[in-house]
Amino acid sequence: MTADEISKAEKLFRTKFINSLAGIRQVVLIGTKSNDGQENVAIFNSLIHLGAHPPLLGFISRPDSVERDTLRNIKESESYTLNFVHKKWLKEAHQTSARYQKEESEFEAVGLKPEYLGQCLAPFVKESAIKVELKLKQILNIEINKTIMVIGQIECVHLPKDRLAKDGLVDPTDLLLSGGLDAYYDSDFLDQLPYAKP
């Protein structure tokens, strides 16, 4: 397909086509809380590793031409959580992408439970085995399409001991992956190779 053919394609087709070209990636639920105490949780599949020292993760938020509760809450509180999704509750996780009213909690709407750990202001997802607390470090406006990259520094990671190998590798077994807006996948471990040297 040429750029011209892509641009003339029906909007939903074009969106799914380009989104799925990026390949299969990690799904997380981002937990936030507004300054007035309203809890929010929303699904994202744009998690990006930006560095280990300091430990930074980023994600892409769609343009804020309409109200984006997750983005607004992160800007207000500078605190948010990443919660890895088990494949058993993919329907509940997917449902968080619906446009609920600002005063309605997605936790309640989809049947997930908020959980507070340590000093983190934002809620975690109780059902999640791997939970990451982040502090907002930078917001980058991407002018070409008005999307927004949110960069956070890891403050704390909560995960079961059996999900962490001695060399630091996190076990992704049974965690949900996404290949687009509404296509979900499972992962199979293939191999762990030594650090490549010439």
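1. Accessibility is expressed here as relative accessible area: buried means under 20%, exposed over 50% and partly exposed in between, with a 1.4 Å probe and protein chains only. The structure is a predicted model, in which local features need pLDDT of at least 70 and side-chain atom pairs count only at pLDDT 80 or more, while totals for chains, interfaces and linings use all residues. Residues are numbered from 1 along each chain as its sequence is written, and side-chain values use heavy atoms, with hydrogens and water left out.

2. Helices (H or I, at least four residues) and strands (E, at least two) are DSSP runs numbered from the N terminus. Rings of Phe, Tyr and Trp (its six-membered ring) pair if their centres lie within 6.5 Å; planes under 30 degrees apart count as stacked, over 60 as edge-to-face and the rest as tilted.

3. Three aromatic pairs are found in the whole structure. Phe13 and Phe17 are stacked, at 5.9 Å centre to centre and 10° between the planes. These two residues lie four apart in helix α2 (residues 11-21), about one helical turn. Phe13 is partly exposed at 43%, and Phe17 is partly exposed at 25%.

4. The rings of Phe59 and Tyr80 form an edge-to-face pair, with centres 6.0 Å apart and planes at 70°. This pair links distant parts of the chain, from strand β5 (residues 55-61) to strand β6 (residues 79-84), 21 residues apart. Phe59 is buried at 2%, as is Tyr80 at 1%. Ring pairs join Phe44, Phe59 and Tyr80 into a cluster.

5. Six of the six residues of strand β3 (residues 39-44) are buried, so this strand is largely enclosed by the rest of the structure. Glu39, Val41 and Ile43 cover one side, and Asn40, Ala42 and Phe44 the other.
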